[in-house]
Amino acid sequence: MQAKRVSTSPTLLQAWLRRILEVATVAKTVGELRAWDGVVAKTPQVLPKHDTATARSTSETPKISRHKRFATFVRKLSFLGTPLASLGSFGNVNSSCGVEMEPRVVEMNDPSLLPSLGELWDRLHRQTPGATFFQTWEWLATTWRHFGRPQKLRLMMIYEGDEPVGIVPFCVREETYRVGKLRVLSYPLDDWGPFYGPLGADPVRYQELALDHVMQTERDWDMIDLRTIREQDPDFAQIDAAIRQRDATAFIRPRMEVPVVQLEGTWEDYLAGQSRNWRRNMKREKQRVEEVGTLEFVRYRHVAGETFSTDHCRGMFDECQQVAERSWQADSSLGAAFCSPRVKPVLRDLHMTAAKKGMLDVNLLRLDGEPVAFLYNYVCQGQVYALRSGYDANCPAQSLGTVLLAEVIRDSYERGDRLINLGPGTQDYKLRFAGEIHRAICYTLYSRQSVRSQLLRARYAIDQRLPGFEGRCRNRLIK
């Protein structure tokens, strides 16, 4: 009697082999792993699926030679005529098998490892809709180094199989409230700009995965404060629903209002959309400045990848500093002014970085060769963000800031920019040019295990029910 041949399901066997390969190739390392005959793709940082602890430096990486030898052995196997290569890349089975891995989150806590993610981060940044300079790894690494207050990085790497597809940069900082000090998990923007979020092609989904990871792992926070959600985002309804699904008691309030100039059509179309009185006043104000001296508008924007003069680039920064020191900012108690001793070193370090990446946009107004007004911006994906501005308070000419902003908008039309974000605050000079106001919405989730957090939640819940709540929210807006 001839023995029967026992067959094994290709789908189950391939899934089993995939799991073996996944376990065999997992290693705690920073950098890129060499691909083994196309089975294991390059990964900037690979941690075990069950391990979300702090990523360790290369010197602490355990030896993986046995894993490599085992992976080489498994790679050469072939069952039922199905080569292992047909399983696709590590952590994923091809669609014909019908088996796919769920997305997974790998957490990194060491900010010194950020440069090792540079190439991956830049690639995901390019895929991110509406990305800004604030979402670059250089901005995060620089500000983290300069502002050394107690804080913990919780950077979530989103993987689909072995492929990193998203980055969600969270951090935990200690903040003081009336109920005491609370550990707040949020994005690291710290009000440098109004909007921030995950990197990658699907930021909404990546934020959901990161929030689930935060809530399922050991709690090191008292409150989650997502302060940078743009209300005008096309996916805002989906973001809102996802957060409410995770915590129906989340407290929601506006945090910033930012006037925006949408650059649609041409500069002539923009002028035609303004009133006759607006056009007459703008023309008169520019003429009055020209009566004082020779007016010159200068805009510096370097194209990424091209060579440029570092001296000229630094010179533009120095001219902005000169104007700021002759403006109201010199005597301001605000620690965020352009010439503030606290902020100046950070901006100087970021200046050259933004220039090299093609994300620096410096605008100067000179009168008889002397700088009298500046508008210091970052630009990305055709969107200009006005970071700081100022004018010489001792200059006899008036309306310098207004004249400069009009020149910037005109030039942006000619350059093909899509939008100018004038920054938080609805001052009259901004509303004079802006056609829309966008809002940053803050979602706050309170830990049920934190007494102080619950006290704060109760306080805000009562505040919502008292008369004048909308007015109080407006007074609390960041300006």
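Which strand gives the largest share of the lining of the largest cavity?

What you see is a predicted model, where local features need pLDDT of at least 70, side-chain atom pairs count only at pLDDT 80 or more, and totals for chains, interfaces and linings use all residues. Residues are numbered from 1 along each chain as its sequence is written, and side-chain values use heavy atoms, with hydrogens and water left out.

Let's start with the cavities. By cavity I mean a set of points on a 1 Å grid over the protein atoms alone where a 1.4 Å probe fits but cannot get out, and lining residues have an atom within 4 Å of a point. Points are joined across faces, edges and corners, and a volume is the space filled by probe spheres set on them. Searching the whole structure turns up four cavities of 30 Å³ or more. The largest has a volume of about 110 Å³. It is lined by 13 residues, and R173, S186, Y187, D190 and R227 are the closest to its centre. Elements giving two or more residues to that lining are β7 (163-177), β8 (180-186) and β10 (223-230). And here is the reply to my opening: β7 supplies the largest share, three residues. Strands here are DSSP runs of E, at least two residues, and helices are runs of H or I, at least four, numbered from the N terminus.

By class, this lining has four nonpolar, two polar and seven charged residues. For the classes, Ala, Val, Leu, Ile, Met, Phe, Trp, Tyr, Cys and Pro count as nonpolar, Asp, Glu, Lys and Arg as charged, and the others, Gly among them, as polar.

The second largest cavity has a volume of about 60 Å³. Its lining includes W139, W144, R173 and D190. Helix α4 (residues 137-146) gives the most here, with three residues. The classes come out as six nonpolar, two polar and three charged.

Now for the charges. Side chains of opposite charge can pair when their charged atoms come close. A salt bridge, for us, is a side-chain nitrogen of Lys or Arg within 4 Å of a carboxyl oxygen of Asp or Glu. The whole structure has 35 of them.

Next, D191 and R255 form a salt bridge, with the closest N and O atoms 2.8 Å apart. D191 sits in the loop between β8 and β9 (199-200), and R255 in strand β11 (residues 251-262), 64 residues away. D191 is partly exposed at 31%, whereas R255 is buried at 15%.

Where does my last pair, R301 and D417, sit? R301 and D417 form a salt bridge at 2.9 Å between the closest N and O atoms. R301 is in the loop between β12 (295-300) and α9 (310-325), and D417 in the loop between α11 (400-415) and β16 (419-421), so parts 116 residues apart in sequence are tied together. D417 is buried, at 7%. Both belong to a salt-bridge network of R299, R301, D361, D411, R415 and D417.

Key
On a 1 Å grid over the protein atoms alone, a cavity is a set of points where a 1.4 Å probe fits but cannot get out, and a pocket is an open set with protein on both sides within 12 Å along at least five of seven lines; lining residues have an atom within 4 Å of a point. Buried means under 20% relative accessible area, exposed over 50%, partly exposed in between (1.4 Å probe, protein chains only).
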